[in-house]
Amino acid sequence: MATETGLGTSFMKYGTVTSFLVVLVAYWYRPPLQGSELDGRLDAVLSSLLRAESKVGVNDVARPKVAIGFGGCVDLIVDGVDLLNKIGLPPTDQPLHHDYIKSAEQLAQSFAYFFAPGAASERYVMNETLFSLLVEASRELPGNRWAVGGNAPVMASRMAAEGCDVLLGGSFSTDFNDMFSQHIIVAGNTLDEPDIHLIMEYPSGATWGPYTSRRANRYIVHSDDHNPYLDSMEQFEEKLKDFQPDLLVVGGLQMMDNFPFEHGEREALLGHLSHLLSSASAETSVHFEMASFVDEGLLSDLLALVLPHADSLGMNEQELPNLLSLFRGSNVTVLSDPNPRVATVLDQMRDLYRLVNEQHRELGLGRALTRLHVHTLAFQAMIVTRGSQWKNTMSAVAKAALTANRHVCGSPDIDPSKARLIMDESFSVSARDGSHRIPLQESRPVSCWDEGDYQICVAPVLVCTEVYQTAGGGDNISAAGLVLQI
């Protein structure tokens, strides 16, 4: 079995309890790292990740071609607590999950529910008066920022910047179109006014009444009535025929979550999308980017109509257990551990990889899942089928880890003085008793090893401590990881 850690031991044949305890005792009693030693460690990890990323480049002569749908918006980014204070919304004493927002009281309850654990969330606001109030108050807040938003435009911008030619499916205003790179071709309608999505960011340690956030994250609300309809899909499909992409990416489908469609509308749209994906050439890889879904009916439709046609999936630590729960026949998992251990995530990834491919073999439809990327605050993890079309996994995981810092800190240059490692100094490859631990080596921080028919790679993230923006992080990370693998 191969490993990027430099250790000759197989990590999938679990070792003895004695050896596990020896490592655990050493971990418990290790002396804490002091200032200069910690700074030196961060510098070493950063240098090693940069070296791993640079081992592979993108072909500038024959740029990879990527088609990405759907949708787009303008993000209005504000401090979430400042906004709630601005509109005079007091902290609730009853944090609750709501599938959608109809009142200020529900907004307070929903925000508190996700704010304290620091979990990302996105909700549709049915009350247009409330949403207008939030937008107008946000415009008046000092420090507010406007940015290109939506899964597809964010991924498109990242992939164009990283060296790809991109076909983007979305409907935008003229001013919006002018903001895109020359390497992005837009397929869609022209809107008079773009939809606004309100990004309520908050840093780690922020307080709202009795609640304190455990990590930096965002709570997103919108009252979008264009993107749920995938209204650029026909134009995108038409241009796709001549574009002949190396990779087809689908995201933004969370806009359909709890949207008040007429009976049969959503099913018809997803049926059209399913046909588009099933018509993709065998030479074109297909990636589906998960998001925050709570509508079980929509998730069931995605499992039946979209996922079978994707050979690559991307998601975060909240979306992984949610999707896995659906595959196991359980209910939606609204809130999961926002800081899961590596072993927990790897076990969930193994289960999802197995269940998706078992379904593929049983139904005999669509594509086998050959790539699974999970991005968390502390680390990046990938499963890639050996012998599949996906290349350069070790470098791709390193690039994803570096992109996490670059995006959240808002700078292409990584400053170790504004970063920290929160991934454990060693991690277990599984939560099963007696499983081996892999130490984090500063000189080779990306650990890769073989299991079954696939390879697993894990890389630590240099977590940004001076947050500029968390929104769009997953899209940037997933896009950057894909670039080196097509």
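Entry 1: Is Ser173 buried or exposed? I am working with a predicted model, and in this model Ser173 has a relative accessibility of 8%, so I put it down as buried, the cut-off being under 20%. I found Ser173 in the loop that runs between β5 and α7 (174–177). Setting aside residues up to four places away in sequence, I noted that Ser173 touches Leu191, Asp192 and Pro194.

**Entry 2: the sheet that holds β5.** I then traced the open sheet, which has 10 strands in the order β6-β5-β1-β11-β12-β13-β14-β15-β20-β19, with mixed pairing. Its edge strands are β6 (184–187) and β19 (447–451), and each of these pairs on one side only. Ignoring direction, I have neighbouring strands of this sheet turned by 15° against each other on average.

I looked more closely at one pair. Strand β1 (residues 65–69) and strand β5 (residues 165–169) run parallel and are joined by 5 bridges. For Ala67, I noted Leu167 as the bridge partner in β5. I also saw helix α8 (residues 233–243) lying across β1, β5, β6 and β11 (247–250), and its angle to β5 is about 160°.

**Entry 3: strand β2.** How many residues of strand β2 are buried? I have 6 of its 7 residues as buried, so I wrote down β2 (residues 73–79) as mostly covered. β2 pairs with strand β4 (residues 145–149) in the antiparallel sense over 5 bridges, and Val74 has Val148 in β4 as its bridge partner. With strand β7 (residues 196–202), β2 pairs in the parallel sense over 6 bridges. There I found Val78 opposite Met200.

**Entry 4: a loop aspartate.** I found Asp311 in the loop between α10 (296–305) and β13 (312–316). Asp311 is buried, as its relative accessible area is 6%. Leaving aside neighbours within four places in sequence, I listed the contacts of Asp311, among them Ser285, Val286, Arg367, Arg371, Gln389 and Trp390. I also checked Asp311 against Asn357: they are 46 residues apart in sequence, and their C-alpha atoms are 9.9 Å apart in space.

**Entry 5: helix α14 and its partners.** At what angle do helices α13 and α14 pack? I have about 150° for α13 (residues 393–409) and α14 (residues 473–483), with the axes 8 Å apart. The two helices are therefore roughly antiparallel, as the angle is over 145 degrees. Their crossing is right-handed. On the α13 side I noted Ala396, Lys399, Ala400, Thr403, Ala404 and His407, which meet Gly473, Asn476, Ile477, Ala480 and Gly481 in α14. By class, the residues of this contact are 5 nonpolar, 5 polar and 1 charged.

Next I turned to helix α6 (residues 151–161), whose axis comes within 8 Å of the α14 axis and crosses it at roughly 45°. That makes α6 oblique to α14, and the crossing is right-handed. From α6, the contact takes in Asn151, Val154, Met155, Arg158 and Met159, while α14 brings Asp475, Asn476, Ser478, Ala479, Ala480, Leu482 and Val483. I sorted the residues of the α6 contact with α14 into 7 nonpolar, 3 polar and 2 charged.

Technical notes. Residues are numbered from 1 along each chain as its sequence is written. This is a predicted model: local features need pLDDT of at least 70, side-chain atom pairs count only at pLDDT 80 or more; totals for chains, interfaces and linings use all residues. Side-chain values use heavy atoms; hydrogens and water are left out. Two strands pair if DSSP finds at least two bridges between them. Helices (H or I, at least four residues) and strands (E, at least two) are DSSP runs, numbered from the N terminus. Axes are lines fitted to C-alpha atoms, for helices over the stretch in contact, and angles run from 0 to 180 degrees between N-to-C directions. Contact means heavy atoms within 4.5 Å. Angles under 35 degrees count as roughly parallel, over 145 as roughly antiparallel, 65 to 115 as roughly perpendicular and the rest as oblique. A crossing is left-handed if the near helix is turned anticlockwise from the far one by less than a right angle, and right-handed if clockwise. Ala, Val, Leu, Ile, Met, Phe, Trp, Tyr, Cys and Pro count as nonpolar, Asp, Glu, Lys and Arg as charged, and the others, Gly among them, as polar. Buried means under 20% relative accessible area, exposed over 50%, partly exposed in between (1.4 Å probe, protein chains only).
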